[in-house]
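The sequence and structure are shown first.

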Amino acid sequence: MNEIEKLNSMAWDEEKERNNWWTRAVSRDETDKARIGSFSISITPVKKLPQHWMEKIIGKVLALASGGGQQGPLLAAAGYDVTVVDISQKQLEQDKAVAERDNLEIRTVRASMNDLSMFDTDEFDTVICPVSINFVEDCGKVFQQVSRVLKEGGRFMFGTANPVMYIFDVAKLEKGRMKIKYTLPFSAMRSLSVKERNRLMKDRGTFEFSHTLDSVIGGLCTAGFIVDDFYSDTSGFEPVDSYIQDCYLAFSAVKTNV
């Protein structure tokens with residue numbers, strides 16, 4: 001792992017201790033319902049995947065940067081062959097705990113989404129990735145990795161933060177005040193001062209990066225994907241939602257050689 005990956009690995013271990021929403025494992029009741037097909041998953045903070053997206057999840061599934069005991073266990077309970085990859089050991093432990101509790105088969109792999117070399121080319125039919133590409137500096141590299149492990153005609157569903165979310169002063173935003181502070185694209189390594197970065201490391205915060213729409217949509221195209229569906233989502237945080245209608249973006253893309 002590079003330095004940013006190590007920092008974010010420790011940060012997400014800490015997020016588990018802080019009970020971040022993305023670290024809260026599903027219940028036994030939820031996996032029981034998934035066994036009979038009554039379930040949906042989230043790749044953005046508020047909305048569930050539309051039913052017509054759920055119907056396109058097939059075969060062998062890679063739940064990428066998806067630890068926390070949420071998407072993986074539900075998909076496994078529904079009968080999918082699931083591999084969960086995450087950079088955080090504590091997040092993966094959530095998936096292992098749910099699998100043991102509910103007698104599910106889930107493969108867990110601790111790795112960065114930047115490097116999927118442990119998997120074969122064309123190994124997966126579907127890749128699911130909740131909001132995570134904002135924790136890597138080069139989302140195009142992730143898209144190339146996903147393209148390699150995904151079969152032709154396979155589907156990639158992922159969520160990302162709207163780049164505009166990164167213009168605000170985070171400290172003030174958490175107090176309900178919206179003040180524009182940063183220019184885009186935001187980079188924790190370049191946009192923050194040395195003092196701010198040191199504080200972030202001390203507090204075990206995540207190092208994040210906004211991505212231009214060019215790098216997201218253009219990066220998908222370069223990696224051999226065609227976007228065939230899209231929706232946006234709110235943040236669930238009123239000060240922002242009153243100002244921005246499309247806080248998070250969800251893409252469904254198909255790998256093609258065309």
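## Basis and overall count

A salt bridge is here a side-chain nitrogen of Lys or Arg within 4 Å of a carboxyl oxygen of Asp or Glu. By this criterion the structure, which is a predicted model, holds 17 salt bridges. Side chains of opposite charge can pair when their charged atoms come close.

## Packing of helices α1 and α5

Two packed helices are described by the angle between their axes and the distance between the axes. For helix α1, residues 3-17, and helix α5, residues 89-102, the axes come within 7 Å and cross at roughly 50°. The arrangement of α1 and α5 is therefore oblique.

On the α1 side, the contact involves Trp 12, Asp 13, Lys 16 and Glu 17; their counterparts in α5 are Gln 89, Lys 90, Gln 91 and Gln 94. Sorted by residue class, the contact of α1 with α5 comprises four charged residues, three polar ones and one nonpolar residue.

Leaving aside residues up to four places away in sequence, Glu 5 touches Ile 87, Ser 112 and Asn 114.

Arg 28 is located in helix α2. Its salt bridge is formed with Asp 102, and the closest N and O atoms of the two are 3.5 Å apart.

When residues up to four places away in sequence are not counted, Arg 28 touches Arg 101 and Asp 102. As a further geometric reference, the C-alpha atoms of Arg 28 and Cys 247 are separated by 31 Å, the two residues being 219 apart along the chain.

## Two further salt bridges

Arg 155 forms a salt bridge with Asp 228, with a separation of 2.9 Å between the closest N and O atoms. Arg 155 lies in strand β5 (residues 150-161) and Asp 228 in strand β6 (residues 225-233), so this pair ties together parts that are 73 residues apart in sequence. Arg 155 counts as buried because its relative accessibility is 11%. Asp 228, in turn, is partly exposed, its relative accessible area being 37%.

Arg 18 and Glu 14 make another salt bridge, in which the closest N and O atoms are 3.6 Å apart. Arg 18 is partly exposed at 42% relative accessibility, and Glu 14 likewise counts as partly exposed at 24%.

Methods. Residues are numbered from 1 along each chain as its sequence is written. This is a predicted model: local features need pLDDT of at least 70, side-chain atom pairs count only at pLDDT 80 or more; totals for chains, interfaces and linings use all residues. Side-chain values use heavy atoms; hydrogens and water are left out. Axes are lines fitted to C-alpha atoms, for helices over the stretch in contact, and angles run from 0 to 180 degrees between N-to-C directions. Helices (H or I, at least four residues) and strands (E, at least two) are DSSP runs, numbered from the N terminus. Angles under 35 degrees count as roughly parallel, over 145 as roughly antiparallel, 65 to 115 as roughly perpendicular and the rest as oblique. Contact means heavy atoms within 4.5 Å. Ala, Val, Leu, Ile, Met, Phe, Trp, Tyr, Cys and Pro count as nonpolar, Asp, Glu, Lys and Arg as charged, and the others, Gly among them, as polar. Buried means under 20% relative accessible area, exposed over 50%, partly exposed in between (1.4 Å probe, protein chains only).
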